[in-house]
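Hi there,

Here is the structure I promised to pass on. Please have it open beside you while you read my notes below.

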Amino acid sequence: AELSIMDSRGHLVRHLVNGTQSAGDHEIHWDGKDTHGRQLASGVYYYRLRAAGLQYTRAATLIK
C-alpha cells in the first residue's frame, strides 16, 4: 500500500505509508508537514492511496 500527499500542482509533498500493510482497517494521521518537517500552508492538498492494484485520489483541506 502507498499513501501520499501531493500539492495542487501534483508534486509529492510526503509519503505517509509505503509498504506492506496487514489486512483490516488502518488510521493514519498527517501533521501538515512535508518530508523535511516543514509546516505547510493552509490550502487544498490531495491524498493518493494505491493498494491492491487500485488507485484513489481525493482532495483534503489543510486548515491551520
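The side chains of R14 and D31 form a salt bridge, with 2.6 Å from N to O; the term stands for a side-chain nitrogen of Lys or Arg within 4 Å of a carboxyl oxygen of Asp or Glu. R14 sits in strand β2 and D31 in the loop between β2 and β3, so this pair ties together parts that are 17 residues apart in sequence. R14 is partly exposed at 22% relative accessibility, and D31 is also partly exposed, at 43%. (Buried is under 20% relative accessible area, exposed is over 50%, and partly exposed is in between, using a 1.4 Å probe and protein chains only.)

Before I go on: this is a predicted model, where local features need pLDDT of at least 70 and side-chain atom pairs count only at pLDDT 80 or more, while totals for chains, interfaces and linings use all residues. Residues are numbered from 1 along each chain as its sequence is written, and side-chain values use heavy atoms, with hydrogens and water left out.

The whole structure holds four salt bridges. One of them joins E2 and R48 at 3.5 Å, N to O. E2 belongs to strand β1 and R48 to strand β3, so the contact links parts that are 46 residues apart in sequence. Both E2 and R48 are buried. Another joins R9 and D7 at 3.2 Å, N to O; here R9 is exposed, with a relative accessible area of 63%, whereas D7 is buried at 14%.

Now the strands, which are DSSP runs of E with at least two residues, numbered from the N terminus. Four of them make an open sheet in the order β2-β1-β3-β4, with antiparallel pairing; two strands pair if DSSP finds at least two bridges between them. β2 and β4 are the edge strands, each pairing on one side only. Five bridges join β1 to β3, and S4 has R48 in β3 as its bridge partner.

Finally, what lines the largest pocket? There are 16 lining residues, with L3, V17, H26, I28 and L49 nearest the centre. (A pocket is an open set of points on a 1 Å grid over the protein atoms alone, where a 1.4 Å probe fits, with protein on both sides within 12 Å along at least five of seven lines; lining residues have an atom within 4 Å of a point.) β1, β2, β3 and β4 each give two or more residues to this lining.

Best wishes

How values were computed. Helices (H or I, at least four residues) and strands (E, at least two) are DSSP runs, numbered from the N terminus.
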